[in-house]
Amino acid sequence: MLFADTIEALTFQQRRILREHEMDLSLWGGPTLKDLWPTDCVLSSKKDVNRAYEAVIKKINALRSECADYTNFDSGEYKREEISIVPDFPAAQKIMGRCPCPKEGELTRCCNLRTLDAVQQCAYGCAYCSIQSFYSKNNIKVVGNLESYLDNLVLEEGVWHIGTGQSSDSLIFGDDYGTLTALSSFALKHPEVVIELKTKSSRSDWVSMDLPENIIATWSINAKTIVEKEEHLTSSVEKRMESAIKASEHGILVGFHVHPMVYFKGWKEEYASLVKLLTSSLDPDKVVMIGLGTLTFTKQNLRVLREGGRKTLVTKIPLTPAAGKYSYPLETKKEMFSYLYSLFPVEWKEKVFFYLCMEDPSLWKPCLGREYGCNKEFDSDMKRHYLYKINEVR
């Protein structure tokens with residue numbers, strides 16, 4: 001039986017699954033399905049076809065379980081379509097949202113972050129990013145009436161932490177469109193609310209603004225290989241750190257997201273270098289938090305990645321079901337998180353709030369040495385630490 005005939009003999013569901021694997025194999029620059037199909041068996045019946053299908057799936061799963069190897073990986077020059085900036089986009093009622101943790105139950109330990117989509121779509125091209133699947137690729141929309149919107153915003157009871165980095169990069173435009181000015185006005189009126197700016201940029205002219213104490217700036221940082229191979233168009237880790245240092249020197253509390261950690265060949269050495277750079281650059285008294293997380297994909301995110309066709313190794317993971325999404329197995333996560341946390345000096349562990357972002361509650365105790373019985377406990381402890389840093393340390 002020919003390969004094409006064998007594929008046709010599969011069920012619709014089997015063909016769909018193989019098609020998804022085939023797209024991932026192409027993204028990795030790996031073998032084709034035809035390369036993996038067994039050639040040493042007779043395919044004369046439906047049972048034989050199913051046996052061949054299972055053999056191919058087993059091979060693909062074995063490939064997914066291997067550490068991604070970037071040694072000879074070339075994602076090619078990153079070119080994205082020309083982007084237009086829409087600077088006066090009117091605020092809609094739904095620019096306030098919540099973090100993408102599961103909305104029902106406590107499948108992950110959630111910090112109850114509220115999100116503000118002051119800018120929508122990102123100019124960067126991180127391979128794993130979900131933002132690209134939410135908005136038009138060709139337009140970055142900047143809310144033009146943000147200050148007016150925030151003046152009229154009625155916060156829900158219990159809201160104390162608002163982030164602006166879920167729908168775009170918080171600081172790539174600085175205050176070019178008045179976004180930081182509007183947020184500063186809001187922060188002054190709501191001293192009980194912490195505004196978090198999240199970025200991968202190295203822009204630092206904004207640090208000279210007279211920002212209220214309850215505005216903090218956080219940087220997403222990663223291993224050098226991941227930044228260079230997967231975080232297209234972003235600043236280097238060293239440049240990001242330079243901006244964080246400038247912010248800290250201007251009295252702005254800073255934080256870091258080591259997210260998403262990637263399980264790749266040489267990951268231990270590179271994340272150790274990252275921690276060394278971080279701890280040698282800043283005073284832990286001036287760092288409010290460090291969040292840890294791994295690659296996590298929604299079905300929509302995976303579809304956009306696959307259809308985009310850009311070379312990447314971020315989908316070369318087991319795609320284990322995780323609270324309605326797909327990620328690494330818990331054992332792999334436990335290995336990565338516990339290792340990274342072990343690298344930090346005791347002083348950092350005592351003075352900086354470490355947490356796991358959108359991760360299974362069972363990981364907290366073995367990785368960070370503490371755990372919370374429910375999301376409310378986590379949220380309360382995070383708030384206590386953040387406000388202490390803002391009111392007592394800054």
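**Strands, helices and rings**

Tutor: Strand β8 (residues 194–199) and strand β9 (residues 215–221) run parallel and are joined by 5 bridges; strands here are DSSP E runs of at least two residues, helices are H or I runs of at least four, both numbered from the N terminus, and two strands pair if DSSP finds at least two bridges between them. This is a predicted model, in which local features need pLDDT of at least 70 and side-chain atom pairs count only at pLDDT 80 or more, while totals for chains, interfaces and linings use all residues. Residues are numbered from 1 along each chain as its sequence is written, and side-chain values use heavy atoms, with hydrogens and water left out.

Student: Which residue is the bridge partner of Thr199 in β9?

Tutor: Thr199 has Trp219 as its bridge partner there.

Student: And what is the strand order in the open sheet of 8 strands?

Tutor: The order is β2-β3-β7-β8-β9-β11-β12-β15, with mixed pairing. β2 (96–98) and β15 (353–356) stand at the edges, and because each has a single partner strand, one side of each is left without a neighbour in the sheet. From one strand to the next the twist averages 25°.

Student: Which strands does helix α8 lie across?

Tutor: Helix α8 (residues 237–249) lies across β9 and β11 (254–261), running at about 165° to β9, where axes are lines fitted to C-alpha atoms, for helices over the stretch in contact, and angles run from 0 to 180 degrees between N-to-C directions. Helix α9 (residues 267–281) also packs on the sheet, touching β9, β11 and β12 (287–294), and its direction makes about 175° with that of β11.

Student: What about His257, buried or exposed?

Tutor: His257, which is found in strand β11, counts as buried because its relative accessibility is 5%; buried means under 20% relative accessible area, exposed over 50%, and partly exposed in between, with a 1.4 Å probe and protein chains only. Leaving aside neighbours within four places in sequence, the contacts of His257 include Glu196, Lys198, Trp219, Met289 and Tyr355, contact meaning heavy atoms within 4.5 Å.

Student: Changing topic, how many aromatic pairs are there?

Tutor: The count comes to 20 aromatic pairs, taking rings of Phe, Tyr and Trp (its six-membered ring) with centres within 6.5 Å, and calling planes under 30 degrees apart stacked, over 60 edge-to-face and the rest tilted. Tyr263 and Trp267 make a tilted pair, 5.6 Å centre to centre with 45° between the planes. Tyr263 counts as buried because its relative accessibility is 19%, and Trp267 is buried too, with a relative accessible area of 5%. Phe344 and Trp348 also form a tilted pair, at 6.1 Å centre to centre and 40° between the planes.

Student: Which residues do ring pairs link into a cluster?

Tutor: The cluster consists of Trp160, Phe353, Tyr355, Trp364, Tyr372, Phe378 and Tyr386.

Student: Last one: how do helices α2 and α4 cross?

Tutor: The axes of helix α2 (residues 12–28) and helix α4 (residues 46–65) come within 11 Å and cross at roughly 35°. Among the residues that meet there are Ile17, Leu18 and Trp28 in α2, and Tyr53, Val56 and Ile60 in α4.
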